[in-house]
Amino acid sequence: MLLVLLAFLKLFYVPGVGSRLLLHLGLKSSPLYYMKIELGPLRSLTSLRLQSVRITGDELECLLSNSLALEQLKLSGCKEIIFLKIPCVLQQLKSLRVLTCSRLQAIESEAPNLSRVYLCEGKIKFSPGEALHMKDFTLWRVNSICYARAELPSIMPNLERLVLTSCDEVVNTPMLPSKFLYLKHLTITMVSGGAFSPSYDYFSLVSFFDASPSLETLLLNVSSGRMEHESVFGGTSHLRQLPEQCRHDCLKRLEIIGFSSAKGLVELTCCIVKNAVSLEHLVLNTLPGRGWCSKVDNRITCRPFSKTLFEEALRTVAAITSYIQDEVPPGAKLTVVEPCERCHSSSR
Ligand SMILES: [Zn+2]
């Protein structure tokens, strides 16, 4: 990878007068690969990928300042960077991807045309400046869902695609007056190998639906190892709704993976389905992930279920029949993904 990187940089080397940067490349675990090269202004460099490179934030800022044609920047495993400033001279920069830069605490971008950002790192504070061109934002961090709802409408007002992943979301999403006026595609993934805290209210996610009048697709993945929320079949049968009707004309597809009989999740789904007058396809997957019972070339492959997961999947199918099926608008197709016949027979 390092040699590829080195070759890549040489490819764009343009000798010239100007500030020169001594760039240290190397893997901590592989001192033999520690190298030094000198770079002049990189006038033709349009794409820069640094993987496991020993470079500080100041050095990278200097490199970026000399790369005026840069369109794409990807950083992964660059553990010397603590603060990164992306200078405003990068007028062409459209895409930024940052992952596993474990010491990186903050990114301050002044690049005026940045439109696509992928941040997969738990602690980064991202300041995109006037991000009027930001269309596509992916964020992977703890409580990213609540953060995104509260902060992004004001700093990224023109977002069209938003992908959020939260490992342990514990804060409910607030209802707020701010809007994602242009958001078309929203993916929310909440990951848990065990169970989500029963105090987390799935229904609070309706805040995104309420705030996004242009939404066309909504994918929600709430797969977990077990379900500890109150089931819709227990306690009160009253289902919460939004205080006011929230009619959506654009939503075509709603898919929920890891769908369970949790009351808040059923309430959320009913609320969306009732208001999405143009819905074409509703997919409720009662299995903890896509491809759980998959059929390829007439061969069925099933991942093993725990007894509790299997019983919850059956309870979920019953919840869909009792509470959701009749709410699906005419013309919309409902697909329920459930344990296959083989899983049923092997559970007996
Ligand atoms: Zn199966």
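**Notebook: core and sheet of a predicted model**

I began at L254, which touches L218, I272, A276, L279 and L282 when residues up to four places away in sequence are left out. I note that the model is a predicted one.

I next looked up the core. The largest nonpolar core holds 79 residues, and L254 is listed with L159, Y202 and L268 as having the most contacts inside it.

I turned to the chain as a whole. I counted 7 helices and 18 strands. Of the 348 residues, 34% are buried. I also looked at contacts between residues at least 6 apart in sequence, and 67% of these join residues at least 24 apart.

I then traced the sheet. It is open, has 11 strands with parallel pairing, and runs in the order β3-β4-β6-β8-β10-β11-β12-β13-β14-β15-β18. Which strands form its edges? They are β3 (47-51) and β18 (333-337), each pairing on one side only. I recorded an average twist of 5 degrees from one strand to the next.

Strand β11 (residues 161-166) pairs with strand β12 (residues 185-190) in the parallel sense, over 6 bridges. Here I noted T165 standing opposite T189 in β12.

Conventions
Residues are numbered from 1 along each chain as its sequence is written. This is a predicted model: local features need pLDDT of at least 70, side-chain atom pairs count only at pLDDT 80 or more; totals for chains, interfaces and linings use all residues. Helices (H or I, at least four residues) and strands (E, at least two) are DSSP runs, numbered from the N terminus. A residue is buried if 20 or more other C-beta atoms lie within 10 Å of its own, exposed if 12 or fewer, and partly exposed in between; C-beta atoms are placed from the backbone. Two residues are in contact if their C-beta atoms, placed from the backbone, lie within 7 Å. Two strands pair if DSSP finds at least two bridges between them. Axes are lines fitted to C-alpha atoms, for helices over the stretch in contact, and angles run from 0 to 180 degrees between N-to-C directions. A nonpolar core is a set of buried Ala, Val, Leu, Ile, Met, Phe, Trp, Tyr and Cys residues joined through C-beta atoms within 7 Å.
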